[in-house]
Amino acid sequence: MTDQILRQLMDVLETRKQASADESYVASLHSKGLNKILEKVGEESVETILAARDAELSGNNEKLIYETADLWFHSLVMLSHLGESADSVLAELEQRFDLSGLEEKANRDK
């Protein structure tokens, strides 16, 4: 997999951010404001959690993948609304490579 898909999606999100709310789902979310976007992120989070639980029982991850894509999409809309992008998140993840998860958690608790 390449980062080309993520880059394309970020470009589309930025373009649609400027579109008419009547013509673009992304523009309509931006026009409704951060609370609506957060509502969608929360909704997709719950749906992803439920899909993961169901996937463990059924052994079928198809719905989990679908819901995770929705969660990522709406998270990217949220970042875009706040002037950030996936690049910021990727940079943060990159910084964590030399830090164990337990160490990172301990640093947060201080």
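At what angle do helix α1 and helix α5 pack, and how far apart are their axes? In this predicted model, helix α1, spanning residues 4-17, packs against helix α5, spanning residues 86-95, at an angle of about 140°. The axes of α1 and α5 lie 10 Å apart. The contact is formed by L6, R7 and M10 on the α1 side and by A86, D87 and L90 on the α5 side. Classified by residue type, the contact of α1 with α5 comprises four nonpolar and two charged residues, with no polar residue.

Residue A86 of this contact also belongs to the largest nonpolar core. When residues up to four places away in sequence are not counted, A86 touches L6, M10, L76 and L79. The largest nonpolar core consists of nine residues, namely M10, L13, V26, L29, I37, L76, V77, L79 and A86. Two or more residues of this core are supplied by each of α1, α2 (25-32) and α4 (62-81). The most is given by α4, which contributes three residues.

A charged residue, K40, is located in helix α3, which covers residues 34-58. K40 is classed as buried because its relative accessibility is 13%, and the cut-off for burial is under 20%. With its neighbours within four places in sequence left aside, K40 is in contact with Y25, L29 and H74. Of these contacts of K40, L29 is one of the members of the largest nonpolar core.

Conventions. Residues are numbered from 1 along each chain as its sequence is written. This is a predicted model: local features need pLDDT of at least 70, side-chain atom pairs count only at pLDDT 80 or more; totals for chains, interfaces and linings use all residues. Side-chain values use heavy atoms; hydrogens and water are left out. Axes are lines fitted to C-alpha atoms, for helices over the stretch in contact, and angles run from 0 to 180 degrees between N-to-C directions. Helices (H or I, at least four residues) and strands (E, at least two) are DSSP runs, numbered from the N terminus. Contact means heavy atoms within 4.5 Å. Buried means under 20% relative accessible area, exposed over 50%, partly exposed in between (1.4 Å probe, protein chains only). A nonpolar core is a set of buried Ala, Val, Leu, Ile, Met, Phe, Trp, Tyr and Cys residues joined through side-chain atoms within 4.5 Å.
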